[in-house]
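Here's a friendly walk through a protein chain, meant for someone meeting it for the first time. Have a look at the sequence and the 3D view, then read on.

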Amino acid sequence: MAIISVAGLAAGVASVLVATAAIDQDSVALDVSLTSKLRIVSYEATSLDKIPMKVSEGEEDPASDGPISAAAVDVAMENLHDQSALITRVDVEVRAVYALRACGGGPLSATAEFDILIPTDRKVTGQVFGQDKMFEVEGKRKDRFAVSVGPERMVESDLVQIFHVDLLLRLQSGETVRADDIMLVPPGSAEDDDRVVTTLGTTNTGFAGSPECLRGARGMVDAAVGAKAAKQSPRLAALHAKLHAVGY
């Protein structure tokens, strides 16, 4: 397994844990602190672009490639120790999922290469999901990286999936460094939010929209806002306002 040295998060980065160098694990094992002093300086709900995605309209149809933007956690860390520290795994613990879906839809489905995938076929509240990764944070240095989070599978009726999570960074020393209480919403424009409202509330978009359908989605967004997460994606407030601007 490679050890990746985490560098600053550059604009337009397409992957989650961005690396500037890869080195062999065994060659640095003796130089890594087993009692790290790694701390999170700051963290924010953000987004990452150009996540690879495959779309298919049916099991027998060939999948097509296309990029997607994803909700993500941006983390700035500082290693107070003289020696390097290793992050060996990145997890998220799910507090809640708020899935805004149209009241209808076709067979279209898609999968994307999010760094952390949240299953869509079972209850996930209270569960932990992640991946094994090794990242070196050099001694007396600050580094920054981002982790994208998204559903394991998306279907045509999916409009917006909101994830309330805690981020857990597992260290080689056995410690866990936490970034808690984050509300993640995939990025979207004002026009995207208008389309969400239209799709939910009307029947002229190819979906079985209705006032009841829109009110159900609005209730989910109300619950997400009401959770008052310590960190939340900027889109949440905008989507909340759009759903409440509708007169039913």
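## A word to start with

A residue is called buried when its relative accessible area is under 20%. Keep that cut-off in mind, and remember that what you're looking at is a predicted model.

## The chain as a whole

The chain is made of 248 residues, and 46% of them are buried. Its secondary structure comes to four helices and 13 strands. If you look at contacts between residues at least 6 apart in sequence, 79% of them link residues at least 24 apart.

How confident is the predictor? Mean pLDDT for the chain is 83, with 78% of residues at 70 or more. Residues 1–34 are another story: pLDDT is below 50 there, although the model gives this stretch 77 contacts beyond near neighbours in sequence.

## The largest core

In soluble globular proteins, nonpolar side chains tend to be buried together. Here, the largest nonpolar core holds 31 residues, and Met77, Ile87, Ile118, Leu167, Leu169, Ile182 and Leu184 have the most contacts inside it. Several strands give two or more residues to this core, including E3 (38–56), E4 (64–79), E5 (85–101) and E11 (158–171).

Zoom in on Ile118. Leaving aside neighbours within four places in sequence, Ile118 is in contact with Val92, Val94, Val124, Phe129, Val149, Gly150, Pro151, Glu152 and Phe163. Apart from this core there's another one, of 20 residues, with Tyr98, Ala229, Leu236 and Leu243 among them.

## Leu243, a buried leucine

Leu243 sits in helix H4. Is Leu243 buried or exposed? Its relative accessibility is 0%, which is under the 20% cut-off, so Leu243 counts as buried.

What does Leu243 touch, not counting residues up to four places away in sequence? The list is Leu100, Val197, Leu200, Leu214, Ala217, Arg218 and Val221. Take Leu214: it is 29 residues from Leu243 along the chain, yet their C-alpha atoms are 7.7 Å apart.

## Where two helices meet

Helix H3 (residues 211–226) and helix H4 (residues 235–245) have axes that come within 10 Å and cross at roughly 145°. That crossing is left-handed. On the H3 side, the contact is made by Leu214, Ala217, Arg218, Val221, Asp222, Ala224 and Val225, while H4 brings Leu236, Leu239, His240, Leu243 and His244. Sorted by type, the residues of this contact are eight nonpolar, two polar and two charged.

Conventions. Residues are numbered from 1 along each chain as its sequence is written. This is a predicted model: local features need pLDDT of at least 70, side-chain atom pairs count only at pLDDT 80 or more; totals for chains, interfaces and linings use all residues. Side-chain values use heavy atoms; hydrogens and water are left out. pLDDT is the predictor's confidence in each residue, from 0 to 100. Contact means heavy atoms within 4.5 Å. Axes are lines fitted to C-alpha atoms, for helices over the stretch in contact, and angles run from 0 to 180 degrees between N-to-C directions. A crossing is left-handed if the near helix is turned anticlockwise from the far one by less than a right angle, and right-handed if clockwise. Ala, Val, Leu, Ile, Met, Phe, Trp, Tyr, Cys and Pro count as nonpolar, Asp, Glu, Lys and Arg as charged, and the others, Gly among them, as polar. A nonpolar core is a set of buried Ala, Val, Leu, Ile, Met, Phe, Trp, Tyr and Cys residues joined through side-chain atoms within 4.5 Å. Buried means under 20% relative accessible area, exposed over 50%, partly exposed in between (1.4 Å probe, protein chains only).
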